[in-house]
Structure formats: structure tokens, C-alpha cells
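Colleague: I would like to learn how to read a few features in a model. Can we take them one by one?

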Amino acid sequence: MQKILLCCVLLILAGSTAVAQNKEDKKEKVSSSQYEKKKKRGTDTETRKLNIKRYLKLGDRFYAESAYYTATEYYKEVVLAQPQNRYANYWLAMSLLMSRDYEKAELFFQKFAAIKPGEKDKESRWKEEDEKLFDKFHFYYAQALHRNGKYEEAIRQYSKFKATYDKEDKDKWVKLANNGIKGCELGLNPYNSKIKVNRLSTLINRSYNEISPVPFDDNTIYFSSLPSDTLIFDNKRKLRPEYRIYTASLTDGGWGKPVAIKNEEINTPRYNVGNGSFNADKTRFYFTKCTDMEDDRSLCNLFVADVKAGKFTNVQRLPEPINYKEKYTSTHPTVRTGTDGREIVYFVSDREGGKGGLDIWYTSRIKNGEYTAPKLVGGPINTPGDEVTPFWDEAGKTLYFSSNGHPGFGGFDVFASKELPDFGWEEPRNLGKILNTGYDELYYNVNSEHTRGFFTSNRPGGRALNGIASASDDIFTWEVFNFAVEGIAYKEGDADAGSLEGATFKLYRIAPDGSRELVAIDSNSRDGKYFFKLKPDEDYEVEAVRPGFKPTVEFVSTKDLPMEDTINKNIGVRKSAYVVFGEISEEGKPDVKLDDVVYSIVEVSSSGVQKNFGSGKTAVGQFKYALDL
């Protein structure tokens, strides 16, 4: 069953089968229906005891075949009959961990650790089992704790593993443990991304994986799905259902019912299909087809189709050495446009020459339609772990991808790396909590304004598969927090008088070097009120300008705000020091000053509208009036 999980990772796709596989061996045949009958017959303790060896054998067989759900059922039967059976508790915990039921995996790792030697247990045999069968207990227990957000205890278990594991491949496993510790430290001091996350409706998300969401426009998405809500058992390879590419449209009532692409060159029978990606002008569509090989590997190849008026034509398999018919997987395409018009296709492969596991590679489609030989993406992006589901953001010149090789919160986290001027890459940056969890976050994408996008995750909350809420992946949307600032301009010293009509407002973003960038002008501020939308983790200045008053600036920041908010910032403006003064004399006799002359101060607009500011009397022939503008 791990191949289903890989369907969202390598996979789909590299992914493969969408069923709980009960395979046959030479000694005995066990179908799902036979298993259920045997399970019912073995409900009493005595019958379970009679079946212990057989159940352990079947559990081991299905675990070895990556059919973890089925292995879990057999190990569970043994644990119910023999709660102190170390072997069954340990491999039940491992099966649950591989099935992505992390809470139960932690529980049975704890039960395994709590079992103590009995009077009849030989110390030498107990020690031998620890060294041969359970030598990675502390590592996998740490992984379950890590996934469940119990970072301090996970660090202790990773450290115990480093101190006790002593085999030839120690260096490799110690590096993995150190990476886990760094991820836990990140969890203890997390950066919380300023986004809101929403799961798409059950019309889109079913119990199996929904993966690889790619927007065509603001109202249309394509994604891959196996639309079933129950665990599928099927021993006949030819009858197994496959993942298909679907499309759905956004209406006033939400996302509509998905419809499969009616093109067998894309949704080809007996292949799992997904991982779609459009080029910049939406004229080409890259995607993946995967098939199960006889040796149980999932083999994926990259394909491309022409797109016009919503129709897909001229489907072609990308040539070798991008694809290998039987050797390496190639999957997860994403496309950028080069300065010379060529298309650069980033993709994921397990081919030789990488850093280990799945790595991100690239090839270029030149103007004549040919493709260059693949090259490994350089710099710090690829690790000995797995890097999958890349997405190229042209607006930000940033490559987003998921990885379990960089320190994270557990499983696959989403990372970002900007391309440098010398064509290298920045150190990948974890996108933080809210987006990333202890579960798997994959297929992240972002719109050109960097305000929203899609991703997939197996975090709990969706439809359960075989009773496990985190067994399969659902499609989510994300959008940035809606930060804003609003307020009024008022005359300093007279806040109770309300807003000062005639004020206008400007919003400036403050760059890290202190420079200011004008980002908005409030054009609806005649009543002295303003409103601006803000982005997370930015510094701003709001400037109020009103004739007769000194321009006034107020500082606003969203850097330390934990959740979306509207900031209230009223701006007190000070009157400009305008004074009208002069002398009034008798006409024709400038030396004769007139006292007690009543005068008025009148503003005359360009349209001829007059406004009286006030009046007074001359003293010693002089007048002086401070303008209240």
C-alpha cells in the first residue's frame, strides 16, 4: 500500500496502484474476502493463539510487499491475542507509521518500549532481537513523535538512536537523525506563515488521493484523482482502477463536479495519470503517465500535449534520455520560459547522477521542438532525501518544491529557493507552519500576485480511508492574510471634531534599506477617511496631505501580527503657519492709517466659490489674521 502513498510522492505519481494489494505466493493464496472470513473465525482469544505464527507470517509478507494496511490487520490480531508480543507490537507500529497513521504508530511504539523481559526470556536472545530486528526503534519512534509535533521528545529519541546505533551504515543514519533534530528545533521556534488554508469540498476531495492541482485560469483547475471513498481490494492487476486527470470549474456555489478529460491519449487505460503543468501561454500541457512494473516498481514517463480552446491534441512522449522505458522514473514537470523563448522543464527523477532518492532535474525544449539532455539542478536544492513536486514562479524567479531531506516539521514540507544573478540558488527556505505540518505537503503553487494558490496534504480532517484520517491527500487552497490599515485625518488637538475633509492619503512600502516605494493612493478620501490593504511581514508609512496643513506620516507594520487584522491608525495633522497681515489706509493717503476698520478674510476658489474664514478690526491701522485652513 506504500505505492499508493508514493502515488502522491513519486508519483502521482510516481505512482502506482490505488488498491490494497493482496498478492499471491507459491505457498498460499489469500484474497481480501478470504482474509475477512479468516478474521471473523479468529475473533475469540483461543483461535487467535492458534493463528499467531500464521498471522505473523502474513503480516511480514504484506509488509515486505508494501501492503501496509493489510499488514496492520494481521499484526493487530496478534497484539490482541498477545499484548506482550514484542515483535507484533513493533511491526504493527511500523505498519501504522508507513500507513501514515502517526498517532497510533506513536502509541504502539510506546507499548513496544514498555514491554519488559519475563522470567523465561533469555537476556542474550532479547539483546540479539534488539540488535537485529529492532535496531532502528529509536529512529522510527522519533519520526512518529516528530510527525505528531512532539519535538522535544523526538529530539531525545533521535539522540538515543545516534548513541546506540552502530552498524556499517551508521554515518548515513546519523545524518538522517541529525536532520530530524534540526527539523524539531525548527518546530520549537517556528515561523508561522501568514496564510489561511481551506480544504476543497467533498465534491472534489474523496477518500483516496486528490493530487497535482494546477490552475488553468481563475475559475478552472486540473487535478488527478481516483474517486472512491472505500478501500479497494483487487488481486487482478487488469481490473485495478487508475488515477485520471479531471477538471473542475468555479461557480458562485463553489467548485463544481469534476469531469475526466475525454482523451485516451492522456487518460490512457491501465496507466495512472497526473502531474499536469501548463507552459506560460497555456499552449502546451506537460503531464505524467505511470505504470506498475512486474518487479513492483512504479515507472513514470513525461508526456506533452498541445492545447487550443480547451482541447488537448498531439500527445507525445518526451524522448530519451529524459524518459527511460524500463529504468528510471521521470515525473512532476513544471515549466518556465527562458529569455530566448525556449521552455525549461524542471522534473523529478531517480536516475543516476543525483544526490540520492528523488532529485529535481531540468531539460530545455528548443525552438525546433527538440529537448536537451537532462541536467541536475545545482546548488543546495537537492539532498540525499527526496525532492518532489517542483513549481516555477516566474514573477518571483523562485522554485518551490517539497522535500523530506531539508529540516522540516515532519514528512514532506514545502520550500522555496530564489534564483541568484549568477544562476545559482539561494539556500532553501521552509515556508513555515500553517502551510507545513507534521504531515506531507506537496504540489504547492502560487499565482503571479503571490496572494493565493493550491497544495495537497494528508493532514487530518478529510474523509478517512480504512479508518485513517491521514491516509490520503486532499487538495487545499491557501491565501495570504487580509491585513489592512484604516483611519482618519483630524486636526491636531481637536480629535473629537472628527475627520478633516479634503485630506488625501498615500501608502509607502519601506524596504529593508530604508527606501520608500509608493504602492497606493486612496482616491476615495474626500471625507478625510482612508483604507489600504497590506501584505504580511512588511513595513509601511501612511502619509496624510491636506492644503493648509503640514504633510504628516505614520508608521505601520504587519511584521509581528500573528493573525489577520485591520489596524486602526488615525493621523493628527498640524495646521500650516499661514498668517495674513498688512495695513489699511485711507485711499490715496497711504500715511493715514485707519483704526477700527472691520475686515473679512475670504478664500476664492478657481471656480469663483467664496469661503469666509473670519473677520476682525484694525488696530493702529494694522491687521493680522491666522488662517484656520
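**Reading the features**

Modeller: Start with a loop: P321 sits between strand 10 (311-317) and strand 11 (330-337). Keep in mind that this is a predicted model.

Colleague: Which peptide bond there is cis?

Modeller: The one joining E320 and P321. Omega is about 10°.

Colleague: Next, backbone torsions. What is the phi of A309?

Modeller: Phi of A309 is near 55°. That is a positive value in a residue other than glycine. A309 belongs to the loop between strand 9 (298-308) and strand 10. Its relative accessible area is 76%, so A309 is exposed.

Colleague: And what is the phi of H450?

Modeller: Near 60°, again a positive value in a residue other than glycine. H450 is placed in the loop between strand 19 and strand 20. Its relative accessible area is 32%, so H450 counts as partly exposed.

Colleague: Now aromatic rings. How do I decide what a pair is, and how many aromatic pairs are there?

Modeller: Ring centres must lie within 6.5 Å, and planes under 30 degrees apart count as stacked. The count comes to 46 aromatic pairs. Take F137 and Y141, a stacked pair at 5.5 Å centre to centre, with 25° between the planes.

Colleague: Where do F137 and Y141 lie?

Modeller: Both are in helix 9 (residues 137-147). They are four residues apart, about one turn of the helix.

Colleague: Is F137 buried or exposed?

Modeller: Buried, because its relative accessibility is 8% and the cut-off for buried is under 20%. Y141 has 8% relative accessibility, so Y141 counts as buried too.

Colleague: Which pair links parts that are 34 residues apart in sequence?

Modeller: Y444 and W478, which are stacked at 5.4 Å centre to centre with 10° between the planes. Y444 lies in the loop between strand 19 (441-442) and strand 20 (452-457), and W478 in strand 21 (residues 474-480), so the pair ties those parts together. Y444 is buried, as is W478.

Colleague: Which residues do ring pairs link into a cluster?

Modeller: Y63, Y68, Y87, Y90, W91, F109, F112, F134, F137 and Y141.

Colleague: What about charges over rings? Which residue lies over the face of W392?

Modeller: R336, at 3.9 Å from the ring centre. A further case is R459, over the face of F476 at 5.2 Å from the ring centre.

Colleague: Let us turn to helix packing. What describes two packed helices?

Modeller: The angle between their axes and the distance between the axes. Helix 10 (residues 151-164) and helix 11 (residues 170-188) pack at about 165°, with axes 9 Å apart. That angle makes helix 10 roughly antiparallel to helix 11. The crossing is left-handed.

Colleague: Which residues make the contact?

Modeller: From helix 10, they include Y151, I155, Y158 and F161. From helix 11, W173, V174, A177 and I181 are among them.

Colleague: How do helix 9 and helix 11 cross?

Modeller: At roughly 20°, with their axes coming within 11 Å. That makes helix 9 roughly parallel to helix 11. This crossing is left-handed. Helix 9 contributes F139, Y140 and H146 to the contact. Helix 11 contributes W173, L176, A177, G180, G183 and C184.

Colleague: What does N430 contact beyond its neighbours within four places in sequence?

Modeller: L186, P407, G408, F409, D413, V414, F415 and N436. N430 lies in strand 18 (residues 429-430). N430 is buried, because its relative accessible area is 13%. N430 and P407 are 23 residues apart in sequence and 8.1 Å apart in space, C-alpha to C-alpha.

Note on methods:
Residues are numbered from 1 along each chain as its sequence is written. This is a predicted model: local features need pLDDT of at least 70, side-chain atom pairs count only at pLDDT 80 or more; totals for chains, interfaces and linings use all residues. Side-chain values use heavy atoms; hydrogens and water are left out. Rings of Phe, Tyr and Trp (its six-membered ring) pair if their centres lie within 6.5 Å; planes under 30 degrees apart count as stacked, over 60 as edge-to-face and the rest as tilted. Helices (H or I, at least four residues) and strands (E, at least two) are DSSP runs, numbered from the N terminus. Buried means under 20% relative accessible area, exposed over 50%, partly exposed in between (1.4 Å probe, protein chains only). A charge sits over a ring if NZ of Lys or CZ of Arg is within 6 Å of the ring centre and within 35 degrees of the ring normal. Axes are lines fitted to C-alpha atoms, for helices over the stretch in contact, and angles run from 0 to 180 degrees between N-to-C directions. Angles under 35 degrees count as roughly parallel, over 145 as roughly antiparallel, 65 to 115 as roughly perpendicular and the rest as oblique. A crossing is left-handed if the near helix is turned anticlockwise from the far one by less than a right angle, and right-handed if clockwise. Contact means heavy atoms within 4.5 Å.
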